[in-house]
Amino acid sequence: MSSDSALLIRPERADRPEVVALLDALDAYLGSLYAPEDNHILDVAALLAPEVDFLVAELDGRLVGCGATRRMPGEPDTAGQPYGEIKRMFVLPAARGRRIAEQVLGTLEQRLLAAGLSLATLETGRDQHEAIRLYERCGYTRRGPFAGYPDNGLSVFYEKRLSA
């Protein structure tokens, strides 16, 4: 992958073989950090749901990253405000350091705004230091649990108010 390659971020079906391979790499990484019951992931079937927007990042014709949002109704933990939950953010280790995740996240945020949602939330693991740096660099602030996530000491919760 050359440094002057153009990055393409686009919607894709999560059940395509090359996407499943990317998700498997993400799951293996998460499995190395946390017990299965502490991983709050959307599986391939859930990523195909109509309320999910799944994107891939492609560099030199090869998938190198992904991310998704799940549109959620308002709930007490969001003061009744509907929101988009950021899910399945991942960039292959060989493609890191190029701000690909930041670009995927920005595209997801733009798509949430276009869908009429101005609140983005996410849950990540306390041991995912790169992810925490990414979200904080991109303007996410810590918040309490939402969407029924357990406050188990392993999860870190964030939100961002989106604007055009």
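The model is predicted. Its largest pocket has a volume of about 740 Å³. Helix H3 spans residues 100–114. Arg 88 sits in strand S4.

**Largest pocket**
- The lining counts 34 residues.
- Nearest the centre of the pocket lie Met 89, Phe 90, Gln 128, Ala 131 and Tyr 135.
- By class, the lining residues split into 16 nonpolar, seven polar and 11 charged.

**Helix H3**
- H3 has 15 residues.
- From first C-alpha to last, H3 reaches 21 Å, close to the 21 Å expected at 1.5 Å a residue.
- Its buried residues include Ile 100, Val 104, Leu 105 and Leu 108.
- Thr 107, Glu 109 and Leu 112 in H3 are buried as well.
- Gly 116 follows H3 and has a positive phi, near 85 degrees.

**Arg 88**
- Arg 88 has a relative accessible area of 8%, so Arg 88 counts as buried, the cut-off being under 20%.
- The Arg 88 side chain reaches the backbone oxygen of Leu 42 at 3.1 Å.
- Leaving out residues up to four places away in sequence, Arg 88 touches Leu 23, Leu 26, Asp 27 and Leu 30, among others.
- Its contacts also include Ile 41, Leu 42, Leu 47, Cys 66 and Gly 67.

Terms used: Residues numbered from 1 in each chain as written. Predicted model: local features only at pLDDT ≥ 70, side-chain atom pairs only at ≥ 80, totals over all residues. Heavy atoms only, no water. Helix = DSSP H or I, 4+ residues; strand = E, 2+ residues; numbered from the N terminus. Expected span 1.5 Å × (residues − 1). Buried < 20%, exposed > 50% of the residue type's maximum accessible area, 1.4 Å probe, protein only. 1 Å grid on protein atoms, 1.4 Å probe; cavity = no way out; pocket = protein on both sides within 12 Å on 5 of 7 lines; lining within 4 Å. Points joined across faces, edges and corners; volume = space filled by probe spheres on them. Nonpolar A, V, L, I, M, F, W, Y, C, P; charged D, E, K, R; others polar. Polar contact = N/O pair within 3.5 Å; in protein donor to acceptor, adjacent residues only side chain to side chain. Contact = heavy atoms within 4.5 Å.
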